[in-house]
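Trainee: Please pick a single part of this model and take me through it closely. I would like to know how that part sits in the rest.

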Amino acid sequence: MWADEPLRLARTIEARHGESGMSLILRAFQANGVSYSDGMHWMQLDRRRCLGNDDIPALAWGLRCDPTALAAGLVLKETGSAGAWVHLSGHRFSPWVAPGKMLTKLCPQCLRADGYASLTWLIRAVPACRRHGYSMTRQCGHCRRPISWNRPGIDVCRCLRVFPQAADAEPLETEVQAWIDAVHSALAMPPTAEPFSGSALPLAIRGMSVDGAFRLVEAFGLLESSWSSIPAARAKERDLRGAGQVIARGLQRLHALEADAGMADAVLACVHWPLIVLLAESAAAIPDLAAAKSLLELQRRNHTSDSRSRAPRIKSRDQQQLLDLR
Ligand SMILES: [Zn+2]
Ligand SMILES: [Zn+2]
């Protein structure tokens, strides 16, 4: 074979339900005795650039796999959006929520049991495993290096050892369990479905896209208090356990707001409003835009001269408006 000739693998493998596209690619290489770097070179893939729909036919031909299943599991750039949006499993995401990077995270227990990596692990909205709690990791437990797709096997690190299981993974908070279950369901369904209608989730995120709901929850949960420093909060969020705490806090605050109008001042004072502004400026779906605009209108009406030290005021009819967000 010539070095620049596109590779077509000899042996076919089937995509698993909910499998990430990179997991499928890595398993296909492994099944054919091809190293990741050789395979990527022969497939003419450069993971430093985000793949697009145009790349799928040749890639599926080379891998001998179903192009639809492959495309669903990859983070693909949206045609014509100049990098502002990507798609995963038919859902639209901002690159902040679905980065599509070379580095990744995984649950060693699930990987060992199932033999493939879930596409839900690709997004920030899922910082933990729905089955094993805070077992997810970005680092190999042996060599401590960041986990990359460039590795010898689906569950084998570059240090040639199987990723070790987390010895004492903390269980998920009730809200985070409901959230991660909903996100899993959402990514298995078309974007028109309403995955956030379960009773354990706040009414405010009903009807929103996964991207929009996550960004809203993040805006509500990022700061521990109205006095928290943003860089410190972002640093804590980089840790997967910290990212779970942001989601738990955001969902708890949205619940509190919907359950008790008396909590509104305290809750709205802790919202990181620039994230809501960003959501209003660039929303993945119409309901996300509507939710962000309604919140900003509430904040504008209740804004005081010093919103960091004094909570925005909110009246009970405003709280009802929040409940009505769709
Ligand atoms: Zn797991
Ligand atoms: Zn390692």
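Mentor: Helix 1, residues 21-31, is largely enclosed by the rest of the structure, because nine of its eleven residues are buried. Buried means that 20 or more other C-beta atoms lie within 10 Å of the residue's own; 12 or fewer makes a residue exposed, anything in between partly exposed, and C-beta atoms are placed from the backbone. A helix here is a DSSP run of H or I with at least four residues, a strand is a run of E with at least two, and both are numbered from the N terminus. The model is predicted, so local features need pLDDT of at least 70 and side-chain atom pairs count only at pLDDT 80 or more, while totals for chains, interfaces and linings use all residues. Residues are numbered from 1 along each chain as its sequence is written, and chains are lettered from A and ligands numbered from 1 in the order in which they are written.

The buried residues of helix 1 are Gly21, Met22, Ser23, Leu24, Ile25, Leu26, Arg27, Ala28 and Phe29. Their cover includes helix 2 (36-42), helix 3 (56-63) and helix 4 (67-72). Contact is counted when two C-beta atoms, placed from the backbone, lie within 7 Å. Just after helix 1, glycine 33 has a positive phi of about 70°.

Now the setting. The protein has 13 helices and four strands, and 40% of its 326 residues are buried. Of the contacts between residues at least 6 apart in sequence, 64% join residues at least 24 apart. Along its principal axes, the C-alpha trace spans about 70 × 45 × 35 Å.
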